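Dear colleague,

I am passing on a structure that I have been going through, and I would be glad if you looked at it alongside the notes that follow.

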Amino acid sequence: GSPLRNKIPPIESLVVGLLYSFMTCATYAVAAPTVGEYIQELGQSSKLVASVTMSASPFVSALFCFPMIWILQKFEFKRVMVCSAALLCLGQVVYALGGVAGSVALPIVARCITGAVSGPQLMTTYIARTVGSSSMTRVQLYAGVSVAVGTSVGPLLAAVLSIVVRSSDLSSRAFNNGTMPGWGMAVVVGVYTAFLAKFLVNPDARRDGDARDGGSLPKKERVQAKLKRLWLTWHKLLVCYTVGFVWPLNIGCWELHTIIRAKDAWGWGAFEVGIFEAIVLLTVAPISLASTKLLDGKDQNVDREGMAILLLVSMCAYLFLFDYFRLSDTQDYPSRYAEIAVYAIGSFLLVNGDMIGRQFTWSLVDKLAPDGQKQRALGLNAAIYMCGRGVGALLSGAVVSPNEYALALLGINALAGVVLAVGYRGLDPPK
């Protein structure tokens, strides 16, 4: 094969590059089990305020998707990535300082800082510039595993930090159950930033797809050709974007609803919630690796098939998330354990269906988008994805009761299923 086809960065550069997704996901998830308690300590008892705090990060990520594309085109990639990691670290410090200042605004500002540098552009650009086509699928898979493990390590770290707080009897304004996730991740990301600066090999500045569509034509005609091809595929992309919005909405809402439900109905603390979410999320990595076998020998229509099957799995998952047991603090533990078991089954189906389904959607968007517009189409896809994450976190504060949550999310997924069914036959990538 050609050198470009077999291109692969040095292993240490690839590892620190892929770890960026791990860091962004871990910094998002680590605060989830204790954010409600933290906001209450700062004088706000509303669950909606906690939801706004969590949703600020993905919403800002969505807003920064297109500016980040411009930044990556104008500045050296390694400098951008190292500065982004430093800002990620700063965001954790600001989050923890909210307890010192006694201000609920600081955690929200901190989540905004984190969100600005947590979008998927850095990772997708790094892979596009450093990895050849023969290794692309394998490296994309590793990136997906990095996301899954980072998302699961976040609540696990929160559980460990809650033990530290409890055993050390930390209750000051600077060090408590709410601020420790910020301090802990600040240390982790700070160390990572140093390794990133040392080991990341700066990739070349090529921009995939910019010159593949009519490169020999005058600029005006080339732009017209790109727009024409995008117009011919917009309705197909809209179907993908609709389903692509629902995947992160499900996850974002599930993360916070699980915390609310576990604390209110099961009497759990941050440790138990963190362990539960970590166990469910950790199942994604091996199942994601195993799911790649489904692609062996399949044609390119496997993406739409995968989307349809996994959206159906998500809808079925919500059937397990209704409150069939009507728990109260006076009920005995056997029925409580049964409720937890049923909820765990639904959570397993939902999380794995959504995270694997996302991969099919992103793959199909890449195949459907015209070559000259791939970067913009994928940028819009990323913005929609982060918006879905934010809406999910916000929605968790609005649909608090288990039955409202399950019914509302089942309805949203059913609507996405209708859109997919209507446009299914048209989701045929160009040969």
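Of the 431 residues of the protein chain, what percentage count as buried? The share is 52%, where buried means under 20% relative accessible area, exposed over 50%, and partly exposed in between, with a 1.4 Å probe and protein chains only.

Please keep in mind that this is a predicted model, in which local features need pLDDT of at least 70 and side-chain atom pairs count only at pLDDT 80 or more, whereas totals for chains, interfaces and linings use all residues. Residues are numbered from 1 along each chain as its sequence is written, and side-chain values use heavy atoms, with hydrogens and water left out.

The overall picture

The secondary structure of the protein chain consists of 16 helices and zero strands; helices (H or I, at least four residues) and strands (E, at least two) are DSSP runs, numbered from the N terminus. Among the contacts in the protein chain with a separation of 6 or more, 84% are between residues 24 or more positions apart, a contact being heavy atoms within 4.5 Å. The protein chain exposes about 18,500 Å², an area that comes from the Shrake-Rupley method with a 1.4 Å probe, only the protein chains shown counting as cover for residues; carbon and sulfur atoms supply 68% of this surface.

Phe22 is placed in helix H1 (residues 11-29), and it counts as buried because its relative accessibility is 17%. Leaving out residues up to four places away in sequence, Phe22 touches Ser146, Val149, Gly150 and Val153.

Ala143 belongs to helix H8, and with a relative accessibility of 6% this residue is buried. Ala143 and Tyr20 are 123 residues apart in sequence, yet 9.3 Å apart in space, C-alpha to C-alpha. The contacts of Ala143, its neighbours within four places in sequence aside, are with Leu18, Met123 and Ile127.

Tyr20 returns in the surroundings of Ser84, which touches Tyr20, Met68, Val117 and Leu122 when residues up to four places away in sequence are not counted. Ser84 lies in helix H5 (residues 77-101) and is buried, at 5% relative accessibility.

A buried loop position

Is Thr179, at 0% relative accessibility, buried or exposed? Thr179 counts as buried, because its relative accessibility is 0%, and its place is in the loop between helix H8 (133-168) and helix H9 (180-199). Apart from its neighbours within four places in sequence, Thr179 is in contact with Tyr38, Ala96, Gly99, Arg173 and Ala174.

Leu349, in helix H14, is partly exposed, at 26% relative accessibility. Its C-alpha atom is separated by 8.0 Å from that of Cys316, which is 33 residues away along the chain, and, not counting residues up to four places away in sequence, Leu349 touches Val313, Ala317 and Phe320.

Val419, in helix H16 (residues 402-423), is also partly exposed, with a relative accessible area of 32%. Val419 is 176 residues from Val243 in sequence and 8.1 Å from it in space, C-alpha to C-alpha, while its contacts, residues up to four places away in sequence not being counted, are Val239 and Thr242.

Cavities and cysteines

The structure holds three cavities of 30 Å³ or more; here a cavity is a set of points, on a 1 Å grid over the protein atoms alone, where a 1.4 Å probe fits but cannot get out, and lining residues have an atom within 4 Å of a point. The largest cavity contains about 50 Å³ of space, the volume being that filled by probe spheres set on the points, with grid points joined across faces, edges and corners.

Which residues line the largest cavity? They are Trp247, Pro248, Ile251, Asp354, Met355, Arg358, Tyr385 and Arg389, and helix H10 (219-265), helix H14 (333-368) and helix H15 (374-396) each supply at least two residues of the lining. The lining divides into five nonpolar residues, no polar and three charged, where Ala, Val, Leu, Ile, Met, Phe, Trp, Tyr, Cys and Pro count as nonpolar, Asp, Glu, Lys and Arg as charged, and the others, Gly among them, as polar.

Finally, the count of disulfides is zero, a disulfide being a pair of cysteine sulfur atoms within 2.5 Å. Cys253 is buried, with a relative accessible area of 0%, whereas Cys112 is partly exposed, at 29% relative accessibility.

With best regards

Technical notes: On a 1 Å grid over the protein atoms alone, a cavity is a set of points where a 1.4 Å probe fits but cannot get out, and a pocket is an open set with protein on both sides within 12 Å along at least five of seven lines; lining residues have an atom within 4 Å of a point.
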